[in-house]
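Student: Could we go through the ligand site together, and then look at the aromatic rings?

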Amino acid sequence: MIRVLQADITTLKVDAIVNAANESLLGGGGVDGAIHRAAGPELREYCRGLGGCPIGEARITPGFKLSAQWIIHAVGPVWRGGEYQESKLLANCYRNSFALAVENEVKTIAFPSISTGAYAYPKDQAGKIAIAIMRDYENKFSEIIACCFSAADVKLYEEMLLSSPRQRGSRI
Ligand code: AR6
């Protein structure tokens with residue numbers, strides 16, 4: 001199932017949380033900064049060994065001091081008006097994160113709203129992509145959490161979830 005929650009993603013007790021990282025994977029502001037602070041300095045050391053990550057792709061690390069066993073670091077696109085493959089790149093972030101989660105037998109996973117902070121992706125357009133891909137993977141997980149930071153984001157995601165029903169054949 002997909003659940004919308006208002007929370008600091010670093011506090012969630014799930015198998016994996018997803019980070020909205022940058023190409024260096026060495027930390028930054030926003031959710032990335034919060035995750036690095038909560039996971040501790042070992043995360044940065046581990047990430048240094050990964051050698052970065054291209055936009056649209058994802059990398060997995062241990063959760064270190066987090067309750068989550070894994071952190072999946074996805075690099076979203078910077079919004080540049082919509083003509084620079086932003087939607088495809090954002091969709092790839094979600095797909096590649098889910099693929100890594102499946103490979104690592106993750107059953108519960110939480111996503112922030114990738115690219116909608118510092119990278120300025122319009123929230124409604126980004127939310128539509130996030131929900132559509134969460135629906136594609138819904139059957140492979142016991143819980144997918146859309147972790148929103150603000151009450152306004154919760155409202156937006158809940159509306160989008162309602163207008164994007166579970167796919168045919170996926171109901172038990
Ligand atoms: N828990 C859940 N969501 C959060 C949290 C949190 N603790 N903190 C912020 N958000 P952003 P981006 C929400 O800027 O747009 C960093 O510097 C926030 O409200 O974190 O993908 C990286 O290093 C927003 O909805 O990520 C990159 O350089 C969402 O998380 C760059 O920012 C994403 O906002 C990535 O920018």
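**Ligand contacts and ring pairs**

Tutor: A backbone N or O atom of Tyr119 lies 3.0 Å from an oxygen atom of the ligand, and please keep in mind throughout that this is a predicted model.

Student: How much of the ligand does the protein bury?

Tutor: Taken alone the ligand exposes 700 Å², and of that area the protein buries 88%.

Student: And which pocket does the ligand sit in?

Tutor: The ligand sits in the largest pocket, where 22 residues surround the ligand, the closest being Asn22, Gly29, Asp32, Gly117 and Ala118.

Student: What does a polar side-chain atom of Asn22 do there, and how far from the ligand is it?

Tutor: That polar side-chain atom of Asn22 lies 2.8 Å from an oxygen atom of the ligand, while for Asp8 a polar side-chain atom lies 3.0 Å from a nitrogen atom of the ligand.

Student: How do the residues of the shell divide into nonpolar, polar and charged?

Tutor: The shell around the ligand holds 9 nonpolar, 9 polar and 4 charged residues, and its largest share, 4 residues, is contributed by helix H1, which covers residues 30–39.

Student: Changing topic, how many aromatic pairs are there?

Tutor: The count comes to 6 aromatic pairs, and one of them, formed by Tyr46 and Phe64, is edge-to-face, with 5.9 Å centre to centre and 65° between the planes.

Student: Which parts does that pair tie together?

Tutor: Tyr46 lies in helix H2 (residues 41–48), whereas Phe64 lies in the loop between strand S3 (58–62) and strand S4 (70–75), so the pair ties together parts that are 18 residues apart in sequence.

How values were computed:
Residues numbered from 1 in each chain as written. Predicted model: local features only at pLDDT ≥ 70, side-chain atom pairs only at ≥ 80, totals over all residues. Heavy atoms only, no water. Near = heavy atom within 4 Å. Polar contact = N/O pair within 3.5 Å; in protein donor to acceptor, adjacent residues only side chain to side chain. Areas by Shrake-Rupley, 256 points an atom, 1.4 Å probe, with all protein chains shown as cover. 1 Å grid on protein atoms, 1.4 Å probe; cavity = no way out; pocket = protein on both sides within 12 Å on 5 of 7 lines; lining within 4 Å. Sits in = over half its atoms within 2 Å of the grid points. Helix = DSSP H or I, 4+ residues; strand = E, 2+ residues; numbered from the N terminus. Nonpolar A, V, L, I, M, F, W, Y, C, P; charged D, E, K, R; others polar. Phe/Tyr/Trp six-rings, centres within 6.5 Å; stacked < 30°, edge-to-face > 60°.
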